[in-house]
Amino acid sequence: MKLPFRVEIEQRTRDIPKWMPFVTSLSAVILAFIISGIILAVIGGNPFQVYAYFFTAAFGSWGALSDVIVKATPLLLIGLGCGLAFKMKLWNIGAEGQFYIGAFCASLVVLVPLVPLETTPKFLVLLLMGLLGMIGGAIYGLIPGILKAKFNVSEIITTLMLNYIAVNWNNYWIFGKFSDAGFQMTPTFDKVAWLPRLSDLAKQYRVFSGITLHLGVVFGLVAAIIIWLIVRYSRWGYEINLIGDNPRAARYAGINITRNIVLVFMVSGALAGLAGMSEVTGVVHRLQERISTNYGFSGVIVAWLAKLNPFATILVSFLFGALIVAGREIQPSGLSFFIQGTILFLVISSDVLLRYRIRILRQTRETA
Amino acid sequence: MTTMPPDMPNAVEMRNIVLRFPGVLANDHVDFTLKRGEIHALLGENGAGKSTLMNILAGLYKPNSGSITINGEQVNLNSPRDAIARGIGMVHQHFMLVPTHTVTENILLGLRQPRFFMNLPRYDRHVQALQEQFGLKVDPTAKIWQLSVGEQQRVEILKTLYRGAQIVILDEPTAVLAPHEIEDLMHTMRSMVAQGKSIVFISHKLNEVTAVADRLSVLRKGRVTADGISLAGVTKEMLAELMVGRKVIFQVEKKVQPPGELVLKVEKVSALNNKGLPALKEISLHVRQGEILGIAGIAGNGQSELAEVITGLRPCQGRILIQDEDVANQSPKRSISQGAAHIPEDRTGVGSAPHMDITGNLMMKNFDQQPISHGWRIDFASARNQATRLKGTYDIQAPSIHTAAAKLSGGNLQKVILAREISGGPRLIIAMQPTRGLDVGAIESIQKLLLEQRSNQAAILLISEELDELLELSDRVAVIYEGRIVGEVDPQGADINSIGLMMTGAQGAKT
Amino acid sequence: MNLEVILRAGLSTGTILIFAAIGEILTERAGIQNLGVEGMMLLGAMAAFKTSLATGSPWLGLLAGIAAGGILSLAHGLVTIHFQADQVVSGLSLSFLGTGLALVLGEGLTGQNAPLIPTADFPLLSRIPYIGPIFFTNFNILVYVGYLFIPLAWFFIYRTRPGMHLRAVGEKPSAADTLGVNVYAVRYFYTFIGGCLAGLAGATISIAVSPGWYSNLTTSGQGWIAVALVIFAQWNPLRAALGGYLFGMLRRFMLDLQGPMVLLGMRNPFFYDHNLVFFLQMTPFILTIVALVWGSRAAMRKRLGAPAALGVPYVRGERGL
C-alpha cells in the first residue's frame, strides 16, 4: 500500500531557534514522568495520587519549599562542577566520592579537633571547614585527573571506583575512631560548626521558625556566577571551550591540555567537596554513613539536563531537589532514581531532534 | 582500446540523476554513459559531484530521482551489495582498508565465503593467483598498516577484481602515487580493459586523463558540461574552462627575488612516528627570508612529522632553529613566539574548532595576548573587531562572524586558518597541503596569499603532494623520502621523471 | 585460609565478571561503548530472581534475566546508532535507569528464596585426579558454561568470518560498509548480545552463584569492574577470563583475611579491628584502578589500542572529505 505521503529525515542546515533545546528538554522530563507513572501503575500504585502528593510535598508550604532548596544546594554545586568538567568532555562521575571526602576533611576540623572549638569565632571555623572541604574534594579529583592526563586512563571508571573507595574510607572512621559511642556516626557537631540557617532568626522573625534553609545555597549561587564568568568571559574559559570542542586544535594552538585536565578535575572536585561540607555543617551536623542520597549521580544528570549552563543548573537543581523531597515520602524508593535515569535518557534521545528535521512530504510523481 | 560491435548495450547508463544533500544539490540531472571496454574519464574540480555520482553507482547513495541501467537492464541499487552483485567495483580515494587486518582478510571482507571458519592460507593462495593474472604484486599475509600507499592501492584494486567486477571505478587513484607508479597504474588499467572490463577514472588532473582515457565527461557544480566527448582536438585549456566555467590562467605571478637571511634551520633531526617507527632520520634543511622551499614526496615519508617537530607538536632529537633560537622539543607556543605559523594539513581535525564560531577560531593564536585579552578576561569586542577585519581582508564567505566553523566550505575554512596564521606577519610559514580538496577559485586565492607573504619576506616551507603546485610556487624543491632529503632541484626546468624516481627512493642526487 | 577454597571461590564468582566482560568485549569490538552494564546486570539479576520465584523454574528465570539485559541494551543501540547520541551519557543514563527500575520492581524480594540453577559435577572431567575435584566438581552449571564460553568467544572473534566482520566494523566501519556489510545491523546485534550477557551475569549472581536479592548490593559495582576488565584485557576474551577469575579469588581472599586470629605468624589486624574490613572492601576497586593504569600503559607501549572506531558514531559518506 503506497501512502500518499512519506517521512523524510534530514540534517538541519540552519541554526535552531534558541527556545528549542529548552522545549525538547522539558518534553523529555514530562515524558519521563509519564513513563514512570505507567510503571507505577503496573506495580499497583496510583500515579495520579503519587504525583499530586509530589506537588504538595515539594511546594505545599514554606517549609517544603525550604526543604527543596536545601536538597537542591548540593545538586547545584555538584552540577556546576560536573558541568565544567563535561565542557571539556571529562566525565566526572566521581562527584559522589569527592562529596564524601570533602565532608570528611571538613569534619576533621571538629572531630580531631583542628582548632580549639570553644574560643575560635564561628566564621573562622566554618571558613576552615569550607576550605578543607574544597581542598579534600580537589585532591580527590586530582587523582583521576592525573591518571587521565598522563596515562589516558578512562576517568569514568576511575572516578566510579573512587566513589566506592571514598564511602569505605568514611565508614572506617565513623564506625571506629570518630564514632559516637559505637553508633555508625560521629557525635553531633558543636554549634560553632553549624552553618547559619534561617531558623536561627526565628526569635526575631517568627515566620522563619522551622525553616532549615542554610547558607550553603549562597555558596551555590556564588559558585554559579563565578563559573559563568569563567566560562563566558575568561581566558581559561576559552581554553576549556576549545579543548572540549577539538583537543587537537587546542594542542596545536599551544594550550597545555594536561594542565587543564588536572585543573578542571580539581575545580570539579572542589565544588563537590564544598557540597559535602555544606551538607554536614548545614543539614546533618555530623559525619554519618549516608550523607548523600546519590547527590553525585543526580548532579551529573542535573548538569546534562541544564546543558552545562550555570544558570540553567540553578533551575534544574531546584527541580531535582523537589523530586528528592517528594520522593522521600513515596514508595518504592528506587522510583526517584528510575525517573532521573529516564529523564537523562530521554533528554539525550530528544537531542536528535535538534540535529535532524522530520518532514512529512506529499508523495509527488517524481519521487514515487 | 578494443572495438566493440555497435549494437552491444552500454555497460552503464545513468539518466537524469538528481541527488540532494542538506543544503546542496550534488548532482543536478546528470547523464552519464560508460561504453563496454572503454576507459572513461570523469573530470571536475573538487566538489563538482563526480565522486558523488560514482558513489551512487557503487550503491552507497540512493539518488532522489533518475535511472540506472547496467548492460541494458534497469536496476535499483539499494546498497553496496547490490552494486557488487551487478559487477560494479569502486576503488575509493580514501582507502577503505582495515589497517590491522591482512591483505587477504581485507579482500574477503563482506563476502559469504569462507562460510564460517577462516582458512586464511587457502585464500592467500587465491589472492596470489589473482595477482599474477593482473600483475599487481603485494604480500597477501601482510597487514595493511605495514604496506606502502601504492601497495594499499593495489589491494583496493584486487578487492574489486576478486569480486569479478566488470565495471571498475577509480576515484582519484593517482593522488597518492609517484610519477612512475602512475605509469604502472595506467598499464594495469589497459590490461584490465583488454580482459573485458570497463573503467571509470575520476580525476581533476588534466595531463593524466589525456594520457589514458578513451572518452571523457566533465562535471561542474553538479551539472554536466561535457558528456562523453572524445579526446580528439581537446586542449588542456578547453578542459579547464569546462571544469571551472571561465578561462583559467595557468601561470602564477611570482617575482624573482633574492632570498634573505636564514630563518629556519633544521639540523639532523630525527623523530619517531605514532607507531614508534623512525619517521625522520637526521633530516636537514633550511629556508631563507622571502623564499619558498617546496617539499615533494609521497604521503607517509615524514612530511607530517617534519611539520610537527618544527611547530613543537612532536618530540625529536637534533636542533631546530627559528631565527637562531632552538625550538626543538618545546611547546607550540615557543615556535609561535619565534614567529612561526602553521597551516595544518587537516583543516577540520586539527586546524579549527568545529562548533566554535569564526570569531573564536580566528583568535586561537592570540587569545592570550593583548588586545584580545587583558589579564584573565577576554575582550570580546576586540575579538569581534579582529574577526570582522580579517573576514573582509581575506574575503571569507560566511553569513557572519558568528557562524560556526563546521558550516563553512573547505575553501572558506582554509581562508579562516590562513587569516589567523598569516595576519600576524609571521617570519616562517609551514604550509601543509594548503590547497588540498579545494576548488580552483579557492586554490588561486590561497596560492596568491602565500606568494604575498613571500613578497613580505616571510620564509615558507611548502609541503604538498601536488607536484605541479610545488613547481609553480617554490624557489627550491627538495624531495623527502623515508625521513631524509634525498635530492633538491631547481623548479625551472625540472625533470618530472627524476623527481618521481627520487620520491620513490630510486635515485638520490643533489643537482 | 585454604588456597583451594579461594581458587574455587574465584572460579565461581569470576564467572559473573566474565560473562559481563566478554559481552562488553563483543559490543566494544563492534565500536559501541556500553556503560550501562551495571544497570543491565542488576536488572537481569532482579528479573531472573523474580521470575524464578514466580514460576518456580530457575531456567525461566535465567531466560528472563538474559532478556532484561538485552532489551535495555536495545535502547542503548537505538540512541547511539540511530540517533548518534553520545555513547557515554547514554550508557550512564541506562545504568541509572536500569538500577532504578530493578530497585522499583524488586521491592519485597529481599529475604526470599527462589529456586536456583543447580550445581553439578562435570561429567568425566571431574574424575581427573587433582584437577577434577578442584575445577570440575560441585560447581554451579553456569560456571561450567563459563569455562566453555571463553574459548568459544575467543575462537569466534579471531578465527571465524563473522568474527572478522565484527572486528572490521569496530576498526574501520567505512571499509565494511562499502563492501556490503551492514554496519548498523552488526552494531545493533553485538550491543544486544552484550546486553544479554550482562543480564546473564546478573542472573548468575541472583539465582546461581550468590543467591538472593539484596537491592543494589546484589551487584555492588561489579558491572563497572567488568567494563574496566575489558580495557585491562585489551579486548581479548582470554585475558578477560584471567582477570575475572583473579578478581573472584581476591574477593574471597579478603573475606578470609578476617577470619584467623594469627596471620603469617603475627597478630591478624583484620581480626582484632573489625573496622579494617572497610579497607579490605576497597581493595577490588583500588585494584581495578591499578589494572586500568597498567593496561593503559601497556597499550601505549605496545601501541595496541581500543578498536579504532570505538565510541564514534558511523555515518555513511561524510561529504566534503
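Predicted model: local features only at pLDDT ≥ 70, side-chain atom pairs only at ≥ 80, totals over all residues.
Chain B is divided into two domains, of which domain 1 covers residues 12-244 and domain 2 is made up of 262-354 together with 424-510. Taken over C-alpha atoms, the centres of domain 1 of chain B and domain 2 of chain B are separated by 32 Å. Where the two domains touch, eleven residues from domain 1 of chain B and 14 residues from domain 2 of chain B take part in the contact. On the domain 1 side, helix H6 of chain B (residues 179-194) provides the largest share, which amounts to three residues. The residues on that side of domain 1 of chain B divide into six nonpolar, three polar and two charged.

## An open antiparallel sheet in chain B

In chain B, four strands form an open sheet in the order S12-S11-S14-S15, and their pairing is antiparallel. Strand S12 (278-288) and strand S15 (325-326) of chain B are the edge strands, each of them pairing on one side only. Strand S14 of chain B (residues 317-322) is joined to S15(B) by two bridges, the two strands running antiparallel, and Ile322(B) stands opposite Glu325(B) in S15(B).

Helix H9 of chain B (residues 303-310) lies across strand S11 (262-272), S12 and S14 of chain B, and the helix runs at about 65° to S12(B).

Strand S13 of chain B (residues 292-296) is largely enclosed by the rest of the structure, because five of its five residues are buried. Ile292(B), Gly294(B) and Ala296(B) point one way from S13(B), whereas Leu293(B) and Ile295(B) point the other way, and all of these are buried. In a regular strand, side chains alternate between the two faces of the sheet.

S13(B) pairs in the parallel sense with strand S20 of chain B (residues 459-463) over four bridges, and the bridge partner of Ile295(B) in S20(B) is Ile463(B). S13(B) is also joined by four bridges to strand S21 of chain B (residues 476-481), with the two strands running parallel; here Ala296(B) stands opposite Val479(B) in S21(B).

Helix H13 of chain A (residues 335-355) has 21 residues and reaches 31 Å from its first C-alpha to its last, which is close to the 30 Å expected at 1.5 Å a residue. Since 17 of the 21 residues of H13(A) are buried, this helix is largely enclosed by the rest of the structure.

## Contacts between the chains

Chain A is in contact with chain B, with 27 residues of chain B meeting 19 residues of chain A. Helix H10 (332-337) and strand S18 (377-378) of chain B each supply at least two residues of the side that touches chain A, and the largest share of that side, three residues, comes from H10(B). By class, the side of chain B that touches chain A has 13 nonpolar, ten polar and four charged residues.

Chain A also touches chain C, in a contact that takes 38 residues from chain C and 38 residues from chain A. On the side of chain C, the elements that give two or more residues are helix H4 (87-105), helix H10 (222-232) and helix H13 (277-302) of chain C. H4(C) gives the most to this side, with 14 residues. The side of chain C that touches chain A has, by class, 26 nonpolar, nine polar and three charged residues.

Methods
Residues numbered from 1 in each chain as written. Chains lettered and ligands numbered in written order. Domains from an automatic or database assignment. Contact = placed C-beta atoms within 7 Å. Nonpolar A, V, L, I, M, F, W, Y, C, P; charged D, E, K, R; others polar. Pairing = 2+ DSSP bridges. Axes fitted to C-alpha atoms, helices over the stretch in contact; angles between N-to-C directions. Expected span 1.5 Å × (residues − 1). Buried ≥ 20, exposed ≤ 12 C-beta atoms within 10 Å, placed from the backbone.
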